[in-house]
Amino acid sequence: MAAGIRLYVDSPLGASTAVEATADQAHYLGRVMRLGVGDPILLFNGRDGEWRAEITRMDKRTAEMAIREKTRDQTEAAGPWLAFAPVKKTGTDFIVQKATELGASRLMPVATANTQTGRTNTARLRAQAVEAAEQCERLSVPEVSDMTDLDTLLADWPQDRPLFALDETGGGAPLAAIAATAGAAVGFLVGPEGGFQARELDRFAKLPFITPVTLGPRILRAETACLAALSVWQAVVGDWT
Ligand code: SAH
């Protein structure tokens with residue numbers, strides 16, 4: 001059903017406004033999805049809800065859509081933030097895609113002592129987040145930050161947002177129990193393949209806004225830990241309830 005095609009656009013959305021697609025979007029609509037003038041499409045921009053639009057002009061590198069009617073209000077609750085040490089490329093792509101599907105509202109790559117990978121490609125990760133948001137019918141796209149380092153992340157972290165540090169050494173509290181006591185605005189911090197160093201864990205234990213949490217007795221891959229923490233959160237206090 002062509003109306004199932006959803007595109008994230010950066011322009012304001014309102015009744016009878018026209019929206020210009022980017023060249024990539026025009027290519028996707030025309031060449032990949034074989035759509036043409038008159039075909040319906042759903043648009044969202046993270047602010048104005050979701051609108052049904054119609055393609056009014058299409059050629060190889062441009063497409064224009066006319067907004068017809070609103071299909072959904074912008075009612076989405078902002079989800080948790082996820083700070084994570086980037087892992088090998090496909091692993092980071094996986095984290096971005098799954099965290100988007102699981103409702104994260106902000107993705108923050110952070111270099112910890114044992115992080116092996118170089119800088120992340122923010123533009124590429126943002127494109128992954130957009131694609132995942134379009135597919136899973138979100139009304140917003142998580143913000144993806146440039147990679148930072150642990151010192152900066154902790155220095156800039158808002159003190160009123162509890163940060164759950166995923167501690168693979170078993171030193172943390174069970175996440176489901178902790179989640180039930182926290183408010184809506186939280187964050188998770190997940191380490192790299194090499195895990196957190198003892199001095200990092202000691203530092204977390206001393207910071208008032210950080211709570212070490214455990215995801216059980218098995219050592220999970222970072223990708224699994226990100227996905228599991230967000231899933232527990234959504235199931236206990238988030239929008240899966
Ligand atoms: N190489 C390390 C494991 C790192 S796993 C070791 O062998 O000990 C990567 C990250 O996933 C960890 O830093 C932690 O943040 C998270 N993680 C993995 N298993 C976890 C668990 N059981 N509880 C909490 N966090 C976990």
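In the predicted model, a backbone N or O atom of leucine 166 is placed 2.7 Å from an oxygen atom of the ligand. The ligand taken alone exposes 560 Å², of which the protein buries 84%.

The ligand is surrounded by 19 residues, the closest being Leu166, Glu193, Leu215, Arg218 and Leu220. Classified by side chain, this shell comprises ten nonpolar, five polar and four charged residues. Among the secondary-structure elements, strand β13 (210-214) and helix α7 each contribute at least two residues to the shell.

Helix α7 (residues 222-236) also packs against helix α2 (residues 89-101). The angle between the two helices is about 10°, and their axes are 9 Å apart. Because angles under 35 degrees count as roughly parallel, α2 and α7 are described as roughly parallel to each other. On the α2 side, the contact is formed by Gly91, Phe94, Ile95, Lys98 and Ala99, which meet Glu223, Cys226, Leu227 and Leu230 of α7. The residues of this contact divide into six nonpolar, one polar and two charged.

Definitions and conventions
Residues numbered from 1 in each chain as written. Predicted model: local features only at pLDDT ≥ 70, side-chain atom pairs only at ≥ 80, totals over all residues. Heavy atoms only, no water. Axes fitted to C-alpha atoms, helices over the stretch in contact; angles between N-to-C directions. Helix = DSSP H or I, 4+ residues; strand = E, 2+ residues; numbered from the N terminus. Parallel < 35°, antiparallel > 145°, perpendicular 65-115°, else oblique. Contact = heavy atoms within 4.5 Å. Nonpolar A, V, L, I, M, F, W, Y, C, P; charged D, E, K, R; others polar. Near = heavy atom within 4 Å. Polar contact = N/O pair within 3.5 Å; in protein donor to acceptor, adjacent residues only side chain to side chain. Areas by Shrake-Rupley, 256 points an atom, 1.4 Å probe, with all protein chains shown as cover.
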